[in-house]
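Trainee: Could you take me through this structure, please?
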Amino acid sequence: MKIDVITLFPEMFIQFITTSIIGRAIKHNLVEINVHNLRDYSTDAHHKVDDTPYGGGDGMVLTCQPVFDCIEKLRTKDSCVIMLTPDGTTFDEANAYDLSRKKHLIVLCGHYEGFDERIRSIVDMEISIGDYILTGGEIPSMVIMDSVIRLIPGVIKENSHLLESFNNNLLDYPVYTKPSDFRGLKVPDVLLSGDHKKIAEYRLVESKKKTAKRRPDLLKK
Ligand SMILES: C[S@@+](CC[C@H](N)C(=O)[O-])C[C@H]1O[C@@H](n2cnc3c(N)ncnc32)[C@H](O)[C@@H]1O
């Protein structure tokens, strides 16, 4: 998969693309991430990318010209252009699976008051990561890329994500590691029994119990 990120703050991505699982996925050519500075696409002498809103109001609005030019340069027939915006569709694991099957993502990060409305006409999807406002689309873009990249075959251990929260609309079961007794807090006996059938049953029951208690909405799906 190839991902092109369009941002005013490319430096925010340095750690993201070089660290841990994402860094390894890039190194092993499972994903390619290119970060583009929107200012480089501005035809303004001072590389201006924003302006005041028509009709008045606070803040600056990202202008059409650099965004249109940048997307038109990067887009191919395989591209899916994603605008990050608080009024978009709320992102979830099912969206992450869908996006993980695409060949090319172009991820557009906003800033200030957001985008000139006409920019929506050239994107394929508008995504929000939740009902709160962040200063820019950089962190949302990393949230989406991280959740998508780990689903690309070969990035994490085969099938390990199938047992994680939100798959089959269940939350993950409780996990423990050594020691089996920490200050009197004990690991359930079944996990020490070596009986894999019983362990699987225990985990499914715990997973369902936790989901019913914390996220009953998932069980209705
Ligand atoms: C300060 S926000 C603009 C908020 C906009 N005026 C509004 O009220 O909907 C600036 C940029 O941050 C990004 N952003 C902020 N919150 C977000 C969220 N919850 N999901 C996705 N992107 C977000 C978007 O790219 C947005 O254009």
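Mentor: The domain assignment, which is automatic or from a database, divides the chain into domain 1 (2-149) and domain 2 (164-219). Please note that this is a predicted model, in which local features need pLDDT of at least 70, side-chain atom pairs count only at pLDDT 80 or more, and totals for chains, interfaces and linings use all residues. Residues are numbered from 1 along each chain as its sequence is written.

Trainee: What separates the centres of domain 1 and domain 2?
Mentor: Taken over C-alpha atoms, the two centres are 37 Å apart.

Trainee: And what is the radius of gyration of the chain?
Mentor: The chain has 22 Å, whereas a compact globule of 221 residues would have a value near 17 Å. The radius is taken over C-alpha atoms, and the globule rule is 2.2 Å times the number of residues to the power 0.38. The C-alpha trace spans about 70 × 40 × 35 Å along its principal axes.

Trainee: How many helices and strands are in the chain?
Mentor: There are eight helices and nine strands. These are DSSP runs numbered from the N terminus: helices are H or I with at least four residues, strands are E with at least two.

Trainee: Now the ligand. Which residues come nearest?
Mentor: Leu84, Gly110, Gly114, Gly137 and Pro140 do, out of 20 residues around the ligand. A residue counts as near if its C-beta atom, placed from the backbone, lies within 6 Å of the molecule.

Trainee: Which strand gives the most to that shell?
Mentor: Strand β5 (residues 79-90) does, with four residues.
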